[in-house]
Amino acid sequence: MALLVLLLLGSVSGSAPGPQWPLQRVPVVWPQRTEERPAPHFLRPAQLELNTSCGPECHKQAPAPSYWALRQFLSYETLHSSGQLTETAVGIYGFDAEAFYSPPAGRSRRRRQIFGPDSRFSIVGQDFLMNYPFSTAVKLSTGCSGTLVGDRHVLTAAHCIHDGKNYVKGAQRLRVGFLKPRQREMSGRNSSGAGKMKFQWIRVKRTHVPKGWITNTGSANDIGMDYDYALLELKKAHKRRHMKLGISPAVKQLPGRRVQFSGFDNDRAGQLVYRFCEAGDETYDLLYQRCDAQPGASGSGVYARMWNRRRRRWERKVIGIFSGHQWVDLSGKPHEFNVAVRITPLKFAQICYWIKGNYVDCREG
């Protein structure tokens with residue numbers, strides 16, 4: 001537990017700050033027109049594990065999308081709790097296409113869902129569960145996890161809401177669960193039992209899913225995996241501190257090259273599970289890492305803690321969305337990867353606009 005506390009707090013020295021959040025130019029993703037679409041069917045359950053034929057090398061070799069393709073990928077659907085579905089086309093302004101798609105230097109790929117001894121921590125006791133950053137982790141009624149990124153907003157994986165062809169069963173009446181101790185345990189010293197926890201649920205008002213996920217899932221190079229993210233707007237505000245959104249730095253810029261996230265793994269029912277690990281290979285849009293995880297953790301916010309040189313303080317930000325454990329068919333042989341979707345400058349601009357409703361408040365990532 002001491003190691004866990006040190007990882008969460010990091011350095012406390014103000015005179016010698018560690019890794020710093022890189023200053024990056026944020027483009028503008030601006031909605032242009034919205035049209036109504038046919039109502040979805042909500043037939044199939046959410047798929048918590050993904051299958052794809054495109055691994056790290058395949059993604060790296062995929063051609064960079066054109067400006068017009070990016071506009072299509074970043075256009076989005078909005079599902080309302082009433083069942084109404086709309087599609088919004090966007091414009092993109094203020095980005096350098098060449099710099100935008102300069103891939104980071106990758107490392108050797110890492111595999112497996114659990115790497116050797118299980119290194120996950122079950123977070124117990126209200127002193128941890130009810131405090132930041134663990135209090136930002138939430139559970140979706142479709143079985144996935146998510147992270148609070150606004151007073152009414154939750155960031156999660158698109159496949160928790162949409163299977164690439166249609167919205168999943170339960171998406172129209174989607175709820176978000178906040179893990180809380182039962183009242184009779186609030187004053188107890190030991191809250192280690194999973195049965196002593198419960199969820200308080202809030203209904204979702206609307207859901208945003210990028211067309212990059214809907215349009216491209218199942219295509220030749222599975223570019224849709226790059227857009228496996230969604231934003232949920234709750235019907236009422238929660239009272240917890242949320243986590244800031246950030247643009248994903250290159251792996252070499254992360255403290256210790258590590259990432260961390262918390263979610264609700266299915267094999268530990270009723271428990272919040274925290275893990276940290278070394279990040280491995282990366283493409284511009286995806287991050288491959290060695291974090292131990294099980295189905296149910298999909299949609300968790302991957303975050304890092306770094307120094308903000310402008311504000312002269314440490315800040316923890318969500319830099320990716322844990323897509324989950326993926327099986328990849330390479331030359332007829334199955335391989336395993338744990339993958340997260342990186343929040344790139346364009347994705348940051350889009351998600352931030354969904355949260356703020358304007359681009360003026362989205363200029364710093």
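Entry 1: I am working from a predicted model. I began with the link of Cys352 and Cys362. Its torsion about the S-S bond is about -85 degrees, so the disulfide is left-handed. Cys352 sits in helix 7 (residues 345-356), and Cys362 lies in the segment after helix 7. The two are 10 residues apart, and the pair links distant parts of the chain. I read 2.1 Å between the sulfur atoms of Cys352 and Cys362.

Are these two cysteines, Cys352 and Cys362, buried or exposed? Cys352 has a relative accessible area of 6%, which is under 20%, so I logged it as buried. Cys362 comes out at 4%, so it is buried by that cut-off too.

Entry 2: How many disulfides does a search of the whole structure find? I got 3. I then took up the other pairs.

**Entry 3: Cys144 and Cys160.** These two form a disulfide with sulfur atoms 2.2 Å apart. I noted -95 degrees about the S-S bond, a left-handed link. Where are the partners? Cys144 is in the loop between strand 6 (137-140) and strand 7 (145-148). Cys160 is in the loop between strand 8 (153-156) and strand 9 (175-181). They are 16 residues apart. Cys144 is buried, with a relative accessible area of 0%. Cys160 is buried as well, with 0%.

**Entry 4: Cys277 and Cys291.** The sulfur atoms of this disulfide are 2.1 Å apart. The link is left-handed, with -90 degrees about the S-S bond. I placed Cys277 in strand 14 (residues 272-282). Cys291 falls in the loop between strand 15 (286-289) and strand 16 (301-308), 14 residues from its partner. Both Cys277 and Cys291 are buried.

**Entry 5: nonpolar cores.** Next I looked at packing. The largest nonpolar core has 73 residues. Which residues have the most contacts inside it? I found Leu155, Ile161 and Tyr167. Helix 7 gives the most to this core, with 7 residues. Helix 7 also holds Cys352 from my opening entry.

I listed the contacts of Tyr167, leaving aside its neighbours within four places in sequence. Among them are Pro40, Phe42, Leu43, Leu79 and Leu85. Glu77 and His162 are on the list too, as are Val209 and Ile214. Ile161 is another contact of Tyr167.

I also logged a second, separate core of 17 residues. Its members include Val259, Met306, Ile319 and Phe322.

Terms used
Residues numbered from 1 in each chain as written. Predicted model: local features only at pLDDT ≥ 70, side-chain atom pairs only at ≥ 80, totals over all residues. Heavy atoms only, no water. Disulfide = S-S within 2.5 Å. Helix = DSSP H or I, 4+ residues; strand = E, 2+ residues; numbered from the N terminus. Buried < 20%, exposed > 50% of the residue type's maximum accessible area, 1.4 Å probe, protein only. Core = buried A, V, L, I, M, F, W, Y, C linked by side-chain atoms within 4.5 Å. Contact = heavy atoms within 4.5 Å.
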